[in-house]
Amino acid sequence: MLDLHRLRLLREFAARGSIARTASVLGYTPSAVSQQLATLEREAGTALLDRSAEAQEPVGRVVATAFPSAAVAFAPALARSLRAHPRLTLVLRQTPAREGLRQVRSGEVDVAIVDDWTSRLAEEIEVGGSILTWYHLLRDQLVLVLPRTHPAAAAGQPADLRALRHEPWLAAPAGEPSRQAVDRLLAAVGVTPPVLSEFEGMSTIVSLVARGIGIAILPRLAVAATDRRIIVRDLPHGLDLARDVYAVARTASVRRPSVAVIVTALRAAGPSRHRAA
């Protein structure tokens, strides 16, 4: 049951039509009002408020978060989208996918770019009710990453992983989703590297491959615009392990023109990122 304070907050928001005007009347900061409204929606498990009464011109600040390789990949498209809306500003933070999902659910950020290695994220979001809306951006395939000078880099056919089993393999630490996917893939073709060195951060692994220190299997998005000293090879047919990349936003927030601009830019960039890869 709503207490009098929250009931007044809802009434003022309905009457004023914007967070800023509601905050001014109640003597709060806009951030405090936004957090209170987000709490009400989270407790109800559904979108309670229609913010479309606010200004239709995208204005103000949108806070987004993305896992590192997605932040690098989608930042240019987001920056271009801001040129058409000079009164709109964006803060893009790098955050692990699960933390980004938590932050958008709690109202700390407006949009989160998250990855899913299990093909169950959309189902998990739907189970939580209509408080969140998700948009599939792309399917990010695993690829073999080699130094450009490596003998296997010149072949035109998909790489023969068995022939590379004695190479110095580089991978994310055990237990991370990308590492689990790589382990499953190598096991599927009967490859057990004698030594598999572990490094935190895909950009670190790419850097080491570029220096000729080893080879790796990584999501294509992590190497799509990096060092010319590496080459990317497709994996054998049938080894279609991949992660899905989503944009997630609060259902009520998507109605705000400022958030809608960012979501639209991400959705438009997703297919182009896939084609470029």
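A residue counts as buried when its relative accessible area is under 20%.

**View 1. The whole chain of this predicted model.** The protein chain has 277 residues, and 48% of them count as buried. It holds 9 helices and 9 strands. The chain exposes about 13800 Å². Carbon and sulfur atoms supply 53% of that area. Take the contacts with a separation of 6 or more: residues 24 or more positions apart account for 79% of them.

**View 2. The aromatic pair of tryptophan 134 and tyrosine 246.** The structure holds 1 aromatic pair. Its two rings sit edge-to-face. Why edge-to-face?

**View 3. Two strands joined by the pair.** Tryptophan 134 belongs to strand β4, residues 132-147. Tyrosine 246 belongs to strand β9, residues 242-250. The pair therefore ties together parts that are 112 residues apart in sequence.

**View 4. Serine 119 in its loop.** The loop runs between strand β3 (111-116) and helix α6 (121-127). Phi of serine 119 is near 65°. That is a positive value in a residue other than glycine. Is serine 119 buried or exposed? Its relative accessible area is 51%, so serine 119 is exposed. The cut-off for exposed is over 50%.

Methods
Residues numbered from 1 in each chain as written. Predicted model: local features only at pLDDT ≥ 70, side-chain atom pairs only at ≥ 80, totals over all residues. Heavy atoms only, no water. Phe/Tyr/Trp six-rings, centres within 6.5 Å; stacked < 30°, edge-to-face > 60°. Helix = DSSP H or I, 4+ residues; strand = E, 2+ residues; numbered from the N terminus. Buried < 20%, exposed > 50% of the residue type's maximum accessible area, 1.4 Å probe, protein only. Contact = heavy atoms within 4.5 Å. Areas by Shrake-Rupley, 256 points an atom, 1.4 Å probe, with all protein chains shown as cover.
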